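Take a look at the structure below before reading on. The paragraphs that follow lead from single residues to the overall build of a chain and back to its details.

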There are 2 protein chains.
Amino acid sequence: MRRLSLSLVCLIFLSLSILSPANAQPLPSWRAGAARTAILDFVAAVSDTTSPDFVPRAERIAVLDNDGTCWCEEPHSASSSFQLSLLRSLVASGRVDGEQMPQRAWLAQDRKALRAFGWSAAYEGMNAAFAGMSVEAYRDSSLAFLQRAHDPRFDRPYTRLFYAPMLELKEYLEANGFEVWIVTGSEQDFVRVLYGEVAGIAPARVIGTWTTPIYSVVEGKPQLVRGKVRVYDGHEHKPENIFVRIGRRPIFAAGNSDNDEPMCLHAVSGTHRGLALWIQHDDAKREFAYSGGSDKIKALCRRSPEAVPVSMKGDWTRVFP
Amino acid sequence: MRRLSLSLVCLIFLSLSILSPANAQPLPSWRAGAARTAILDFVAAVSDTTSPDFVPRAERIAVLDNDGTCWCEEPHSASSSFQLSLLRSLVASGRVDGEQMPQRAWLAQDRKALRAFGWSAAYEGMNAAFAGMSVEAYRDSSLAFLQRAHDPRFDRPYTRLFYAPMLELKEYLEANGFEVWIVTGSEQDFVRVLYGEVAGIAPARVIGTWTTPIYSVVEGKPQLVRGKVRVYDGHEHKPENIFVRIGRRPIFAAGNSDNDEPMCLHAVSGTHRGLALWIQHDDAKREFAYSGGSDKIKALCRRSPEAVPVSMKGDWTRVFP
């Protein structure tokens, strides 16, 4: 009986997938143009067994940056906003000393003082304030933050600040046998909650800056609490961590800044055909216009036909869902 | 046409899975007894939606140790044998100095000298000899080693030193919606090749001791070469690395020594029902008999009904495929 009902479910699912209008016209929020064509051509070529560019399903790995690529990062990334909010609550409850650096500068949002302290040390210092917290409590705090956080400019919850065209792209890639991973400089445990809630991406598929937790047994019960040592996942560390975590070279990458250039260059330099997208923030009206720190990824698009710029203004019919 | 043929393939696959004799009697190499019953009961309970112990598919994570749990580790683990063979070839070609410690002790297999040097430092030192090698060359060497390595006692290639009952268990778990991960103290990049070749496990699903590679661009081409810093994946580091890599607490674990006790204890201490297996080497005739360093996992089996000992001699009708 159970096998039969399983077969029935499978048949219904099959029929739905055959009739689904989403399959009839993929990437509905992408305007016809060079970027959309590049995506469709690439996906068709690597998934067609008769194509010279065919790539076996197991090797169709796609990596997407988060902040500024899938999710609005201005004026602050979701992860930074969450960590600042958590720091404030720990200082308010007296568990963390807000007078010490770098916490004092974080609380005052004093960018000059943070820069002087050193960004890397400043992030390490903030994360040290969360050391000793159970991984479950941190996850619960992340979820609670996402449930209450609201973006004033776009008048919507943080969970709806994903770019609709990128969510469509993720689904389109998955429908064509790709395994989609998020590779972000933001704090991994928070971003896992974000994607688990919104886009149905398993926590294992989120690679971010991480702190290795510390295991101990307290009164017979094993516990994992947050550690202090931070492994940064940006710039050259993205392809390095991708190798540690995935063990294959991606054939598709998307990013918006030089932070993502090594990951994009690596994806288009393998033995398989690759595609890299550079998401440009050129739409001050619907999102933001900025281009700081994207010279290298721009240069990559100039010299490689497999690296393609995407204009938020020109290529997307809508930005948010 | 393509959708129709996809449907056809899916239907054929469904029919096969309904009629497959493997499904008629799972775990054929496991004798009827407490261990087999514990596995069948647990899997039925967590995958039946009407059971109070039901666990959603996404949370059905299983972690299996490699050496001594899925694969024969005596007289040497496959990973150690491979690294020693690689070290020998690098010394022979003059690229590594075999007179320096710890290489001299490794080449002489002088366990006393290695112990005096410190095992951790000895492994670090050996891995330092491979630093700078491209990740592709290391993978190719792993594969070449597996193609030529042969176990004299059992007269079979290394790739056939997996335990048949554990391969059946892996397939049975996957057939019931589990995601199966390998969590090993052995060197990750080699073990990835081993599982990719033999058991069809994706490299991302292999967590082992790793060295983070180093990314650089040489003449416009991005490269990843092996680094020196080693992240050890044993004892308490197994649940720690599982959290970093998977982001969920496993509900099923299997191990053979105290190296695996923290991972097993963690798996049976969550909010979901869990099961941990302790594979005992008590079969000198068909495999090996040894029990060094398994007091903690033995004690776990004594006090927790969710931790179950498995006797290779009593519970398995065969050891190797």
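**A walk through the predicted model**

A:P75 sits in the loop of chain A that runs between β1 (61–64) and α4 (78–92). The model is a predicted one, and in it the peptide bond that leads from A:E74 to A:P75 is cis, with omega near -5°. A cis bond is also found in chain B, where the step from B:M101 to B:P102 has omega near 5°, and B:P102 has its place in the loop between α4 (78–92) and α5 (103–108) of chain B.

Chain A contains 14 helices and 12 strands, and its C-alpha trace spans about 65 × 60 × 40 Å along the principal axes. Its radius of gyration is 21 Å, which agrees with the value near 20 Å that a compact globule of 321 residues would have. Of these 321 residues, 52% count as buried, and among the contacts in chain A with a separation of 6 or more, 68% are made by residues 24 or more positions apart. The accessible surface of chain A comes to about 14,200 Å², with 55% of it belonging to carbon and sulfur atoms. As for charge, chain A carries 37 positive and 36 negative side chains, and the centres of the two sets lie 2 Å apart.

In one of them, the rings of A:F42 and A:F252 have centres 6.2 Å apart and planes at 35°, an angle between the limits of 30 and 60 degrees, so the pair counts as tilted. Because A:F42 belongs to helix α3 (residues 34–47) and A:F252 to strand β9 (residues 252–255), the pair ties together parts of chain A that are 210 residues apart in sequence. A:F42 counts as buried at 1% relative accessibility, and A:F252 counts as buried at 0%.

In chain B, the rings of B:F154 and B:F320 have centres 4.8 Å apart and planes at 55°, so this pair is tilted. It links distant parts of the chain, 166 residues apart, with B:F154 in the loop between β2 (150–151) and β3 (156–157) and B:F320 in the segment after α14 (312–315). Both B:F154 and B:F320 are buried. Back in chain A, ring pairs join A:W71, A:F82, A:F130, A:Y138, A:F145, A:Y158 and A:F190 into a cluster.

Which backbone angles call for attention? Phi of B:D155 is near 50°, a positive value in a residue other than glycine; B:D155 lies in the loop between β2 and β3 of chain B and, at 58% relative accessibility, counts as exposed. B:L27, which is not a glycine, likewise has a positive phi of about 50°, but B:L27 is buried, with a relative accessible area of 2%, in the loop between α2 (21–24) and α3 (34–47) of chain B.

A:S294, in the loop between β11 (289–290) and α13 (295–303), is buried with a relative accessible area of 6%, and apart from residues up to four places away in sequence it touches A:N256, A:S257, A:D258 and A:W278. A:V217 lies in strand β6 (residues 214–218) and counts as partly exposed at 45% relative accessibility; leaving aside neighbours within four places in sequence, A:V217 is in contact with A:P222 and with B:L265 of chain B.

How values were computed: Residues are numbered from 1 along each chain as its sequence is written. Chains are lettered from A and ligands numbered from 1 in the order in which they are written. This is a predicted model: local features need pLDDT of at least 70, side-chain atom pairs count only at pLDDT 80 or more; totals for chains, interfaces and linings use all residues. Side-chain values use heavy atoms; hydrogens and water are left out. Helices (H or I, at least four residues) and strands (E, at least two) are DSSP runs, numbered from the N terminus. The radius of gyration is taken over C-alpha atoms; the globule rule is 2.2 Å times the number of residues to the power 0.38. Buried means under 20% relative accessible area, exposed over 50%, partly exposed in between (1.4 Å probe, protein chains only). Contact means heavy atoms within 4.5 Å. Accessible areas come from the Shrake-Rupley method with a 1.4 Å probe; for residues, only the protein chains shown count as cover. Lys and Arg count as positive and Asp and Glu as negative; His and the chain ends are not counted. The place of a charge is taken as NZ of Lys, CZ of Arg, CG of Asp or CD of Glu. Rings of Phe, Tyr and Trp (its six-membered ring) pair if their centres lie within 6.5 Å; planes under 30 degrees apart count as stacked, over 60 as edge-to-face and the rest as tilted.
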